[in-house]
Amino acid sequence: IRRSGGPFTLKSDGFGDLSVTGNYAAIRYGTTAVVISAGITAPTGTIDAKGDTPRGKNTQLPYAMQIGSGSWALNPGITYATTKGLWGLGATLGAEVHLDENKRHYTLGDQKSLTLWTDRELNSRFKFGAHLRAEAWRDIDGQDPDVNPLTAPVADPGAYGGSQIKVG
């Protein structure tokens, strides 16, 4: 909704960044395993999406509407999983670490996550499970010169950091 009260619609679409991840079972002992993950994300998605906004025609869209990050990232992780009778439990610690500033002079905030889960086999076809996931991410570092942070909170690179906990 515009400040004047009228509606407007923005859209951006396309392919995002491409990630490739490999897993290695570093430890296997009985029903317990520790798996190390190593991944890399290539900046294949656009950071140049434009649209008609209240600021004008064909203007640079804010960070959240860009399909890509514009920079390479590493995606490390480690998982511990075990089974005790009908019960399974585990934990995964993961991250996304951006390596460089993109051509629009900003870097998306790095992300960290911790997931804890448990499940119980009910029979040969069904399991019941629950998980808890904590996530944290940093603000955007730098600023796109074509996005004015005073126009709206979505245009402010300092308004992107945060944390959350999900239960499922």
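This is a predicted model: local features need pLDDT of at least 70, side-chain atom pairs count only at pLDDT 80 or more; totals for chains, interfaces and linings use all residues.
Let me start with Tyr106, which, once its neighbours within four places in sequence are left aside, is in contact with Ile47, Tyr63, Gln66, Ser69, Glu101, Ile140, Asp141, Gly142, Gln143 and Asp144, where contact means heavy atoms within 4.5 Å. Tyr106 lies in strand β8, and it is buried, with a relative accessible area of 2%.

Residues are numbered from 1 along each chain as its sequence is written, and side-chain values use heavy atoms, with hydrogens and water left out.

Which residues make up the largest nonpolar core? Tyr106 belongs to it together with Ile47, Tyr63, Ile140, Val147 and Ala155, 6 residues in all; such a core is a set of buried Ala, Val, Leu, Ile, Met, Phe, Trp, Tyr and Cys residues joined through side-chain atoms within 4.5 Å. As background, nonpolar side chains tend to be buried together in soluble globular proteins.

Ile47, another member of that core, lies in the loop between β2 (32-42) and β3 (50-53), and at a relative accessible area of 4% it is buried. Not counting residues up to four places away in sequence, Ile47 touches Gln60, Gln66, Gly68, Ser69, Gly70, Asn102, Lys103, Arg104 and Tyr106. How far apart are the C-alpha atoms of Ile47 and Ala33? They are separated by 39 Å, although these two residues are 14 residues apart along the chain. For Tyr106 and Phe15, by contrast, the separation is 91 residues in sequence and 20 Å in space, C-alpha to C-alpha.

Let me turn to the chain as a whole. The protein chain has 0 helices and 12 strands, so that word needs its rule: helices (H or I, at least four residues) and strands (E, at least two) are DSSP runs, numbered from the N terminus. The C-alpha atoms fill a box of roughly 60 × 35 × 25 Å, taken along the principal axes. The radius of gyration, taken over C-alpha atoms, is 20 Å, whereas a compact globule of 168 residues would have one near 15 Å; the globule rule behind that second value is 2.2 Å times the number of residues to the power 0.38. Of the 168 residues, 27% count as buried, and among the contacts with a separation of 6 or more, 56% are accounted for by residues 24 or more positions apart.

Is Ile67 buried or partly exposed? With a relative accessible area of 25%, Ile67 is partly exposed. Ile67 and Gly16 are 51 residues apart in sequence and 5.1 Å apart in space, C-alpha to C-alpha, and the contacts of Ile67, leaving aside neighbours within four places in sequence, are Ser12, Asp13, Gly14, Phe15, Gly16, Asp17, Gly45 and Thr46.

Asn23, in strand β1 (residues 18-29), counts as exposed at 59% relative accessibility. Apart from neighbours within four places in sequence, Asn23 is in contact with Val35, Ile36 and Ser37, and its C-alpha atom is 24 Å from that of Ser69, which is 46 residues away in sequence.

Finally, a word on backbone angles. Most residues other than glycine have a negative phi. Asn58, although not a glycine, has a positive phi of about 50°; this residue is found in strand β4 (residues 56-60) and is exposed, with a relative accessible area of 52%. His105 is also not a glycine and has a positive phi of about 75°. The place of His105 is in the loop between β7 (87-98) and β8 (106-107), and at 43% relative accessibility it counts as partly exposed.

Methods
Buried means under 20% relative accessible area, exposed over 50%, partly exposed in between (1.4 Å probe, protein chains only).
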